[in-house]
Amino acid sequence: KGEKGDSGQDEERLEIQSAAKKEPDDCGPLMGSHPAEVRAQVLRCLKERKRQAGKVQETLQNRAVQERLLADESDKVEKLTKEIGDINAMKAAYLNDEQIVK
(Lines give C-alpha, C1' and ligand atoms only; values in the text may rest on other atoms or scores of the structure.)
Protein backbone atom coordinates (compact mmCIF):
# COMPACT_ATOMS: atom_id res chain seq x y z
CA LYS A 1 0.00 0.00 0.00
CA GLY A 2 2.85 2.38 0.82
CA GLU A 3 4.51 1.66 -2.52
CA LYS A 4 1.38 2.65 -4.42
CA GLY A 5 1.27 5.98 -2.55
CA ASP A 6 4.91 6.61 -3.38
CA SER A 7 4.26 5.76 -7.01
CA GLY A 8 1.42 8.31 -7.13
CA GLN A 9 3.65 10.96 -5.60
CA ASP A 10 6.38 10.17 -8.12
CA GLU A 11 3.93 10.48 -11.00
CA GLU A 12 2.65 13.76 -9.64
CA ARG A 13 6.21 15.03 -9.18
CA LEU A 14 7.07 14.03 -12.76
CA GLU A 15 3.96 15.84 -14.04
CA ILE A 16 4.93 18.95 -12.08
CA GLN A 17 8.50 18.82 -13.36
CA SER A 18 7.30 18.29 -16.91
CA ALA A 19 4.96 21.27 -16.65
CA ALA A 20 7.72 23.41 -15.12
CA LYS A 21 10.14 22.52 -17.91
CA LYS A 22 7.63 23.89 -20.41
CA GLU A 23 8.01 27.28 -18.74
CA PRO A 24 11.08 28.89 -20.32
CA ASP A 25 11.89 31.01 -17.28
CA ASP A 26 11.45 28.54 -14.40
CA CYS A 27 8.34 30.38 -13.25
CA GLY A 28 6.06 27.40 -13.63
CA PRO A 29 5.24 24.89 -10.90
CA LEU A 30 8.02 24.17 -8.44
CA MET A 31 10.27 21.43 -9.77
CA GLY A 32 11.59 20.25 -6.43
CA SER A 33 10.58 20.01 -2.83
CA HIS A 34 14.01 20.51 -1.26
CA PRO A 35 14.41 24.09 0.00
CA ALA A 36 17.65 24.61 -1.95
CA GLU A 37 16.01 23.48 -5.22
CA VAL A 38 12.98 25.66 -4.60
CA ARG A 39 15.16 28.66 -3.71
CA ALA A 40 17.30 28.19 -6.84
CA GLN A 41 14.21 27.96 -9.07
CA VAL A 42 12.59 30.99 -7.47
CA LEU A 43 15.81 33.00 -7.90
CA ARG A 44 16.04 31.98 -11.58
CA CYS A 45 12.41 32.99 -12.03
CA LEU A 46 12.95 36.36 -10.32
CA LYS A 47 16.07 37.01 -12.37
CA GLU A 48 14.18 36.26 -15.60
CA ARG A 49 11.21 38.40 -14.55
CA LYS A 50 13.58 41.26 -13.73
CA ARG A 51 15.18 40.90 -17.18
CA GLN A 52 11.73 40.89 -18.80
CA ALA A 53 10.70 43.96 -16.80
CA GLY A 54 13.87 45.71 -17.96
CA LYS A 55 13.02 44.97 -21.59
CA VAL A 56 9.48 46.28 -21.10
CA GLN A 57 10.83 49.42 -19.41
CA GLU A 58 13.25 49.98 -22.31
CA THR A 59 10.43 49.53 -24.82
CA LEU A 60 8.25 52.00 -22.93
CA GLN A 61 11.08 54.55 -22.79
CA ASN A 62 11.70 54.17 -26.53
CA ARG A 63 8.00 54.57 -27.20
CA ALA A 64 7.89 57.73 -25.08
CA VAL A 65 10.81 59.19 -27.09
CA GLN A 66 9.06 58.31 -30.36
CA GLU A 67 5.81 59.87 -29.12
CA ARG A 68 7.64 63.09 -28.21
CA LEU A 69 9.27 63.18 -31.66
CA LEU A 70 5.90 62.55 -33.31
CA ALA A 71 4.29 65.32 -31.26
CA ASP A 72 7.10 67.72 -32.27
CA GLU A 73 6.71 66.81 -35.94
CA SER A 74 2.94 67.12 -35.66
CA ASP A 75 3.37 70.63 -34.21
CA LYS A 76 5.69 71.55 -37.11
CA VAL A 77 3.17 70.28 -39.67
CA GLU A 78 0.38 72.22 -37.97
CA LYS A 79 2.48 75.40 -37.98
CA LEU A 80 3.42 74.98 -41.67
CA THR A 81 -0.22 74.27 -42.59
CA LYS A 82 -1.25 77.51 -40.87
CA GLU A 83 1.52 79.44 -42.66
CA ILE A 84 0.42 78.01 -46.02
CA GLY A 85 -3.16 79.02 -45.23
CA ASP A 86 -2.00 82.52 -44.32
CA ILE A 87 0.04 82.77 -47.54
CA ASN A 88 -2.92 81.57 -49.62
CA ALA A 89 -5.16 84.14 -47.93
CA MET A 90 -2.62 86.92 -48.61
CA LYS A 91 -2.28 85.78 -52.23
CA ALA A 92 -6.06 85.78 -52.68
CA ALA A 93 -6.28 89.26 -51.14
CA TYR A 94 -3.47 90.50 -53.43
CA LEU A 95 -5.14 89.04 -56.53
CA ASN A 96 -8.45 90.59 -55.46
CA ASP A 97 -6.78 94.00 -54.96
CA GLU A 98 -5.12 93.64 -58.38
CA GLN A 99 -8.52 93.03 -59.99
CA ILE A 100 -9.97 96.11 -58.27
CA VAL A 101 -7.05 98.28 -59.46
CA LYS A 102 -7.59 97.16 -63.08
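**Figure 1. Arg 51 pairs with Glu 48 through a salt bridge.** In this predicted model, the closest N and O atoms of Arg 51 and Glu 48 are 2.6 Å apart. Both residues belong to helix H2, where they sit three residues apart, about one turn of the helix. An α-helix has 3.6 residues a turn, so residues three or four places apart point the same way. Is Arg 51 buried or partly exposed? Arg 51 is partly exposed, because its relative accessible area is 43%. Glu 48, in contrast, is one of the buried residues of H2.

Figure 2. Side chains of opposite charge can pair when their charged atoms come close. Lys 76 has 48% relative accessibility and so counts as partly exposed. Glu 73 is also partly exposed, at 43%.

**Figure 3. Asp 86 and Lys 82 are joined by a salt bridge.** Here the N to O distance is 3.3 Å. How many residues apart are Asp 86 and Lys 82 in helix H2? They are four residues apart, which means that about one helical turn separates them. Asp 86 is partly exposed, with 38% relative accessibility. Lys 82 is exposed, because its relative accessible area of 55% is over the 50% cut-off. The count of salt bridges in the model comes to three.

**Figure 4. The side chain of Gln 41 reaches the backbone of Pro 29.** A polar atom of the Gln 41 side chain lies 3.0 Å from the backbone oxygen of Pro 29. Gln 41 is part of helix H2. Its relative accessibility is 2%, so Gln 41 counts as buried. Other buried residues in H2 include Val 38 and Cys 45. In the chain, buried residues make up 10% of the 102 residues.

**Figure 5. Four residues make a nonpolar surface patch.** The patch is formed by Leu 30, Val 42, Leu 43 and Leu 46, and covers about 340 Å². Val 42 is found in helix H2. With a relative accessible area of 36%, Val 42 is partly exposed. For the chain, the accessible surface comes to about 9,000 Å², and 57% of this belongs to carbon and sulfur atoms.

**Figure 6. Ser 33 lies in the loop between helices H1 and H2.** Helix H1 covers residues 2–22, and H2 covers residues 35–101. Ser 33 is exposed, because its relative accessible area is 64%. Which residues does Ser 33 touch, not counting residues up to four places away in sequence? They are Arg 13 and Val 38. Ser 33 and Arg 13 are 20 residues apart along the chain, and their C-alpha atoms are separated by 9.2 Å. Val 38, the other contact of Ser 33, is buried in H2.

**Figure 7. Helix H2 is shown from end to end.** The chain has two helices and zero strands. H2 contains 67 residues, and 97 Å lie between its first C-alpha and its last. This span is close to the 99 Å expected at 1.5 Å a residue.

Terms used:
Residues numbered from 1 in each chain as written. Predicted model: local features only at pLDDT ≥ 70, side-chain atom pairs only at ≥ 80, totals over all residues. Heavy atoms only, no water. Buried < 20%, exposed > 50% of the residue type's maximum accessible area, 1.4 Å probe, protein only. Areas by Shrake-Rupley, 256 points an atom, 1.4 Å probe, with all protein chains shown as cover. Patch = residues over 30% accessible without salt bridge, like charges linked within 9 Å, V, L, I, M, F, W, Y side chains within 5 Å. Salt bridge = Lys/Arg side-chain N within 4 Å of Asp/Glu carboxyl O. Expected span 1.5 Å × (residues − 1). Polar contact = N/O pair within 3.5 Å; in protein donor to acceptor, adjacent residues only side chain to side chain. Contact = heavy atoms within 4.5 Å.
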